[in-house]
Amino acid sequence: MTAVTDPEAPAIAPKGETLFRRNMRLFASSKLSMFFLAITVGFVIMAIFAPWIAPHDPNAPDLFRRLMPPAWMEGGDWTYPLGCDALGRDILSRIIYGSRVSIFIGAAVILVATTIGVLAGLAAGYLRGWVDVVISRLVDILLGFPYLIFAIALIAMTGPGLQNIILALAYKEWVIPCRVVRGETLATSEIEYVEAARALGAGSRNIMLREILPNILSPVLVVSTVRMAHVIILEASLSFLGLGVQPPTASWGSMVADGRSFMLSEWWLSTFPGIAILLLVLSINVVSQGLRDAFDPRFHD
Amino acid sequence: MSLGKLVERLLQLIPVLLGVSVIVFVMMLFTPGDPVEIMLGDQHVTEELEQAMRRDMGLDLPPHERFFKFLGNALQGDFGLSYYHRQPVADVIASRLPATIELSLAALIFALCVSIPLGVLAAVKKNSILDRIATVTSLFGVSMPGFWFGILLILFFSVTLRWLPVSGNAGFSSEVEPITHLLLVDSLLRGRPDAFWDALRHIILPAITLGLPMASILMRVTRASMLDVLDRDYITFAEAKGLRRTKILVKHALKNALIPTVTVAAIETGSLLGGNMVVETVFGWPGLGRLVVESIFVRNYPLIQAAVLFYAVTYVMLNFAADILYTVLNPRVRL
């Protein structure tokens, strides 16, 4: 995944096609990756346009429809294709709305963490000295905490809620892009074009953001996608434990948790939201794998 | 690895562990609510008694003094009182720990037993159907939310087939007098095959649920490193000498290919601890993870903080062990 160490790649990308673009073209040539990218994009569209797509109000209870089975089973009805939950709320609509929580939290955490991680990693890797010592120590310390327990402890203090969950996950998440970027920066800052920029009198900030950053985008993108899949599972786990966004807001993890007590007979309550999590996370993981393969110089011809 | 290097590495742990305790302490400072009030609950006491309790718990001291007191106490295994259990936190944690250790070990064993043979086979028969299946399975393994997978397993094996119990770690009739506090070990030591069988039936599903992501990761690592090793000159040489294929695989290739697997396994054992909260909740496993989750809802902060500190110290130590293990196993790395 270290595109910069590719011996074949020119240190300065030729005009017209940068290394990053060439990598993206390679990625786009994989049918499998594009298929799962389409599913991922489908989920994003579903999240954005949830109010127009969802057939019913996700929070409207109706005790007459309590535990109604999916349409193809006896007692089912195509108006409520995946059946209804214990309060008679439409499961399909709740899954559609639940994608908003998963995708929004996943994207927000990764955005915050990647921004902080990239800046900290660039600073540590390029400026070195005490900046590197301070950042690397902090990274070591935060890496000492298992992820979920750290997030749980923070939420226990701050209380559940959208903003608190994002913060609780981002507090530790930035460490991962930071380590990657630091390593890449250390390797990149020795390459001629960076030295040339330095010789021409470019300032540190300019070198970091204009010369180094564009050349380490590939590994950053790979790490962000694979971590996003991970963060979505973590958010679902928190919701499952009752520490995620609070009811009545639909989230996939809490839907699985709510359906648990009915799983002996009404299996659909937990099964469908679980499939949604699996499908989204799986798609992102395949896309990430495709990106990694495309960016890995060993796979290039 | 020389003793000097080992000591140096051990000393490097000190700033990390100190930093970890500072973070846990800061969490404690910012915890909402007054510990004395939470502890008293609905009981009404005089102002003097409240002040006395506050002094007793060291809450009247300035933050830095409180930190050193907290650190000193923690080093002696004193984490204060659990609000909820009205027992020392350390005792409550100690009583729940064996179940968590047993489950983590079982998950580790499951992950190793599945991932190593599969990874080796996938590498040896690269691009075969088996390789494809293994790759796809491992992709599912890392994408599967543990809580949901656990529920599916219960639904299938416990509810539909009725082969395995739904929750808990032992039936009533299979109580054995503790020696190690690990049920599987104790029941064997006490010569109670019935209790062993019972404990085994209880642990299978949670161990698989907890171990699945780790098995997937280890499978990939084993496959990749086995492919790498099979490409080496000494394997070609061994083949040229006319040695039998299985002998080459086991004696020459596997020994070297397992170095990364063992290292990653040591690191991932830390993640098993982190995943325990979810799996223990799903399976009603009486371990530390479920205790932490329960403690959140009753605002039992001292217990949460002690558990976070405990998890972090264990995690740091496991990573340290993984580092040492890697150095010892891999003579090319001289640190």
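Analyst: Start with chain A. Read along the sequence, its pattern is α-α-α-α-α-α-α-α-α-α-α-α-α. That is 13 helices and zero strands. Keep in mind that this is a predicted model.

User: What does the secondary structure of chain B come to?

Analyst: Chain B has 13 helices and two strands.

User: What are the spans of the two C-alpha traces along their principal axes?

Analyst: Chain A spans about 75 × 45 × 30 Å. Chain B spans about 90 × 55 × 40 Å.

User: How much of each chain counts as buried?

Analyst: In chain A, 49% of the 301 residues count as buried. In chain B, 40% of the 335 residues do. The cut-off is 20 or more other C-beta atoms within 10 Å.

User: What share of the contacts joins residues at least 24 apart?

Analyst: Count contacts with a sequence separation of 6 or more. In chain A, 72% of them are between residues 24 or more positions apart. In chain B, the share is 73%.

User: How do you know that the span of helix α11 of chain A agrees with its residue count?

Analyst: The helix covers residues 217-240, which is 24 residues. The expected span is 1.5 Å times one less than that number, so it should come to 34 Å. The end C-alpha atoms are 34 Å apart, so the two agree.

User: What makes α11(A) mostly covered?

Analyst: Of its 24 residues, 21 are buried. Just after α11(A), Gly242(A) takes a positive phi of about 85°.

User: Which peptide bond is cis, and how do you know?

Analyst: The bond from Pro247(A) to Pro248(A) has omega near 10°, and is cis. Pro248(A) sits in the loop between α11 and α12 of chain A. Most peptide bonds are trans.

User: Why is Arg128(A) called partly exposed?

Analyst: Arg128(A) has 14 C-beta neighbours inside 10 Å. Exposed needs 12 or fewer and buried needs 20 or more. The count of 14 falls in between, so Arg128(A) is partly exposed. Arg128(A) lies in the loop between α4 and α5 of chain A. Its phi is positive, about 50°, although Arg128(A) is not a glycine.

User: And why does Asn127(B) count as exposed?

Analyst: Asn127(B) has 9 C-beta neighbours inside 10 Å. The limit for exposed is 12 or fewer, so Asn127(B) is exposed. Its place is in the loop between α5 and α6 of chain B. Phi of Asn127(B) is near 65°, positive in a residue other than glycine. Most residues other than glycine have a negative phi.

User: Is Asn276(B) buried or exposed, and what makes it so?

Analyst: Asn276(B) is buried. The count is 30 C-beta neighbours inside 10 Å, against a cut-off of 20. Asn276(B) lies in helix α11 of chain B. Beyond four places in sequence, its contacts include Thr100(B), Leu103(B), Leu210(B) and Leu288(B). Gly150(B) is 126 residues from Asn276(B) in sequence, and the two C-alpha atoms are 12 Å apart.

User: Which residues touch the most other members of the largest nonpolar core?

Analyst: That core has 177 residues. Ile149(A), Ala151(A), Ile152(A), Ala107(B) and Ala307(B) touch the most other members. Ala307(B) touches Ile93(B), Leu288(B) and Val292(B), leaving out residues up to four places away.

User: How many residues of each chain are in contact with the other chain?

Analyst: 33 residues of chain A are in contact with 37 of chain B. On the chain A side, α5, α6, α11, α12 and α13 each supply at least two residues. The largest share is eight residues, from α13(A). The chain A side divides into 25 nonpolar, five polar and three charged residues.

Key. Residues are numbered from 1 along each chain as its sequence is written. Chains are lettered from A and ligands numbered from 1 in the order in which they are written. This is a predicted model: local features need pLDDT of at least 70, side-chain atom pairs count only at pLDDT 80 or more; totals for chains, interfaces and linings use all residues. Helices (H or I, at least four residues) and strands (E, at least two) are DSSP runs, numbered from the N terminus. Two residues are in contact if their C-beta atoms, placed from the backbone, lie within 7 Å. A nonpolar core is a set of buried Ala, Val, Leu, Ile, Met, Phe, Trp, Tyr and Cys residues joined through C-beta atoms within 7 Å. Ala, Val, Leu, Ile, Met, Phe, Trp, Tyr, Cys and Pro count as nonpolar, Asp, Glu, Lys and Arg as charged, and the others, Gly among them, as polar.
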